[in-house]
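Hi,

Here is the structure I promised to pass on.

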Amino acid sequence: MLQVNNLTKTYAHHPVLDQVSLELPLGQVLAVLGRSGCGKTTLLKVIAGLLPAETGIVSWAGQNMDAVPARNREMVYLFQEPLLFPHLTVFENLAYGLRVRKETEIAVQQKVSRMLEELELQEHARRMPHQLSGGQRQRVSFGRAIIFLPRVLLLDEPFGNLDAQTRATMQTFFLRLAKNFKITALFVTHDVKEALLVGDQYAYMVAGKFQIYASKAAFMADPVTGVREELAFWQAQEQNII
Ligand SMILES: Nc1ncnc2c1ncn2[C@@H]1O[C@H](COP(=O)(O)OP(=O)(O)OP(=O)(O)O)[C@@H](O)[C@H]1O
């Protein structure tokens with residue numbers, strides 16, 4: 001289980017993380033909804049070990065991660081933009097983390113083949129990243145992060161730059177991968193529908209304050225999340241048509 005206790009961080013006397021606490025059990029996805037600038041990226045980077053917090057503790061299975069550098073935390077921060085090695089094929093991009101961990105060639109071949117299948121990219125294994133569409137690149141980026149089974153995946157608006165249709169396809173991919181690989185993830189999004197779709201648990205962040213809801217119903221019922229507003233909008237559209 002990932003545990004975060006009372007994280008605080010300020011920039012120029014302005015609190016960006018204000019006593020943030022959360023618990024994330026294995027295999028669960030916590031969808032974090034929040035407007036731009038509320039501190040979501042800062043939270044993910046502190047958990048990943050890429051930024052220091054002023055106070056608070058990040059721990060995994062009861063072990064304090066303070067002294068564990070980012071590269072050893074196995075809490076992978078995935079950028080909005082897929083960052084692939086431009087000089088490596090899709091296959092080698094996926095294999096990279098396994099090779100760094102000195103896995104045997106047989107294991108590399110098996111794991112990459114399975115991942116290519118999961119991502120429906122078998123036919124693109126020999127392509128270079130610039131020969132892929134944005135959605136395909138994002139799939140490779142996902143696969144590369146998941147293939148060595150990190151403890152936690154930290155997703156920062158991963159589909160924010162994709163068109164609506166590709167975004168919907170990617171959400172379906174994510175749900176399948178999350179289930180098949182028992183992914184534990186914090187999934188940050190501005191999009192209410194995306195949060196509802198991908199989450200097992202739900203949180204809302206505003207001005208560095210983090211609120212976790214006891215249930216999906218509680219998340220949907222709270223006016224601050226904007227869920228009710230969005231539902232009302234679609235109902236009004238429907239009534240206008242009829
Ligand atoms: N290095 C920094 N120095 C000063 N202020 C910063 C720094 N990094 C972030 N901030 C400020 O902290 C706040 C939170 O930033 P953060 O990137 O965590 O927001 P966010 O919720 O991820 O926003 P977005 O959705 O737009 O990426 C913002 O007001 C931002 O301007």
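**Domains and their contact**

Twelve residues in domain 1 are in contact with nine in domain 2 (contact being C-beta atoms, placed from the backbone, within 7 Å). On the domain 1 side, helix H6 (residues 164–180) gives the most, with six residues. That side divides into eight nonpolar, four polar and no charged residues (Ala, Val, Leu, Ile, Met, Phe, Trp, Tyr, Cys and Pro count as nonpolar, Asp, Glu, Lys and Arg as charged, the others, Gly among them, as polar). Domain 1 covers 1–74 + 151–216 and domain 2 covers 84–149, with bounds from an automatic or database domain assignment.

Before you go further: this is a predicted model, where local features need pLDDT of at least 70 and side-chain atom pairs pLDDT 80 or more, while totals for chains, interfaces and linings use all residues. Residues are numbered from 1 along each chain as its sequence is written.

**The sheet**

There's an open six-stranded sheet with mixed pairing, in the order E6-E7-E8-E3-E9-E10. Strands pair if DSSP finds at least two bridges between them; helices (H or I, at least four residues) and strands (E, at least two) are DSSP runs, numbered from the N terminus. E6 (75–78) and E10 (209–212) are at the edges with a single partner strand each, so one side of each has no neighbour in the sheet. E3 (residues 29–34) and E9 (residues 201–206) run parallel, joined by five bridges, and Gly34 sits opposite Met205 in E9.

Cheers

Conventions: Two residues are in contact if their C-beta atoms, placed from the backbone, lie within 7 Å.
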